[in-house]
Amino acid sequence: MDKIIVEGGKRLRGTIPISGAKNAALTLIPCALLTDEPLTLRNLPRLADIDGFQHLMNQFGVTTVIQGSRPEDFGRVMTLEATRITGTVAPYDLVRKMRASILVLGPMLARMGQAKVSLPGGCAIGNRPIDLHLKALAAFGAVIEIAAGYVAAHAPDGGLPGGEFDFPVVSVGATENALMAAVLASGTCRLFNAAREPEIVDLCNLLVAMGAQIEGIGTSDLTIHGVPRLHGATYKVMADRIEAGSYACAAAITGGEVLLQGASFEEMASTIHALRNIGVHAKAEAGGVRVSADGKLQAVNLTTAPYPGLATDMQAQLMALLTVAEGTSVLNETIFENRYMHVPELNRMGAHIETSGRTAIVHGVGKLTGAEVMATDLRASMSLVIAGLAAEGQTEVRRLYHLDRGYERLEEKLALVGAQVERVGDE
Ligand code: UD1
């Protein structure tokens, strides 16, 4: 198994190209199921999760063609064509490896009138039920049955009649599934308290480009007037605000300065707000977002929340930054119940963090020291790399498959700005 070795103490300087957003891509790809015409997605990140989703689409009979990607380029273009869908089952083995597979349920149900998807089960950061996905689809008229570890959904008379659903908890995935199911309904569907993350806006924009009728885009109340069919489209995936935020933390912890090329200041607003309170400078530029720090970082209190609040996907990376800030920070994780698994690993590097339930108290320390650490989930892995960049000596981060799920060629991007990071095979 590969590991990454980070030599700490190098100030990051230069430009980091930001890839297409993983979480947007994972909901844009299943939109191909909604039409028999080709869907071309540009700026798709090259990630293990995207390959996994492509494989799942192929299982349904969707053809996928990758165009014009040279190994040295970041991102790629994929054309998906679901002329004839030959399968409607997402098997356990694929869903288990990639939770986002659940996002085929809505579009498959909309197009085929039926779908069967394995229950994803728990994951490292928490329980992660899918009850809200199912309740929203049921509210639109789907009949849902759960048996033998699978969700089987069908639309009576072949199509969803429409309806209303008020989310008791904001859910990104459930909003996405509901939207993709609603666009081909025979009537109108309304969603209240829907997620309004930029990735949801990206999804709505693609659906509209395919001919969908959606009102309220960017707000928490969405009205979808079903249309009989959607057509193909060519669409550019938005920039990855979490990847950009992660590199912002990486630059800041080294007292460096980087241009996050292609990043959107607006979409990163909550992260930038947190960074500024920590003492990091950030400003919008024509080419992206420039971030710099002069080594003086101060403690802050942070609470994760649905967009436009602070993204839970930034919590671990900001915590890494706060380990060396002056003073004591208090972090509150409100989205997932088990998202502090990076804490014992950061503490192995000399951080001083205590947790109690959903609260973490970070006592800033003067310095971190390199250690062998184990990545436990995607963003936790990145927090260890960030800590390693500031630590004295070498940090070895193991279990890289987590990082490879969400960071396109991390070590190459970090090397571009002067970090000493090396990927090596484990003997
Ligand atoms: C998505 C993101 C993930 C991010 C998360 C929150 C993708 C592929 N993943 O995950 O990176 O951390 O949003 O911003 O886009 N919940 C329920 N029932 C449900 C669904 C969710 O109780 O049916 C709960 C979850 O357990 C969690 C909260 O709602 O506590 C938010 O989860 P949700 O927004 O659905 O996260 P994901 O879509 O899984």
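This is a predicted model: local features need pLDDT of at least 70, side-chain atom pairs count only at pLDDT 80 or more; totals for chains, interfaces and linings use all residues.
Me: What is a cavity, and how many cavities of 30 Å³ or more does the structure hold?
Reply: A cavity is a set of grid points where a 1.4 Å probe fits but cannot get out. With a volume of 30 Å³ or more as the condition, the number of cavities in the structure is three.

Me: Which elements give two or more residues to the lining of the largest cavity?
Reply: The largest cavity has a volume of about 40 Å³. Its lining is made up of Arg241, Ile242, Glu267, Met268, Ser270, Thr271, Ala311 and Met314. The elements that give two or more of these residues are helix H8 (241-253) and helix H9 (269-278).

Me: Is arginine 409 buried or exposed?
Reply: Arginine 409 lies in the loop between H13 and helix H14 (410-416), and its phi is positive, near 45°, although the residue is not a glycine. Buried means under 20% relative accessible area. Because the relative accessible area of arginine 409 is 18%, this residue is buried.

Me: What does arginine 399 count as, at 31% relative accessibility?
Reply: Arginine 399 also has a positive phi, of about 65°, without being a glycine. Its place is the loop between strand E23 (394-398) and helix H13 (401-406). Values between 20% and 50% fall in the middle class, so at 31% arginine 399 counts as partly exposed.

Definitions and conventions
Residues are numbered from 1 along each chain as its sequence is written. Side-chain values use heavy atoms; hydrogens and water are left out. On a 1 Å grid over the protein atoms alone, a cavity is a set of points where a 1.4 Å probe fits but cannot get out, and a pocket is an open set with protein on both sides within 12 Å along at least five of seven lines; lining residues have an atom within 4 Å of a point. Grid points are joined across faces, edges and corners, and a volume is the space filled by probe spheres set on the points. Helices (H or I, at least four residues) and strands (E, at least two) are DSSP runs, numbered from the N terminus. Buried means under 20% relative accessible area, exposed over 50%, partly exposed in between (1.4 Å probe, protein chains only).
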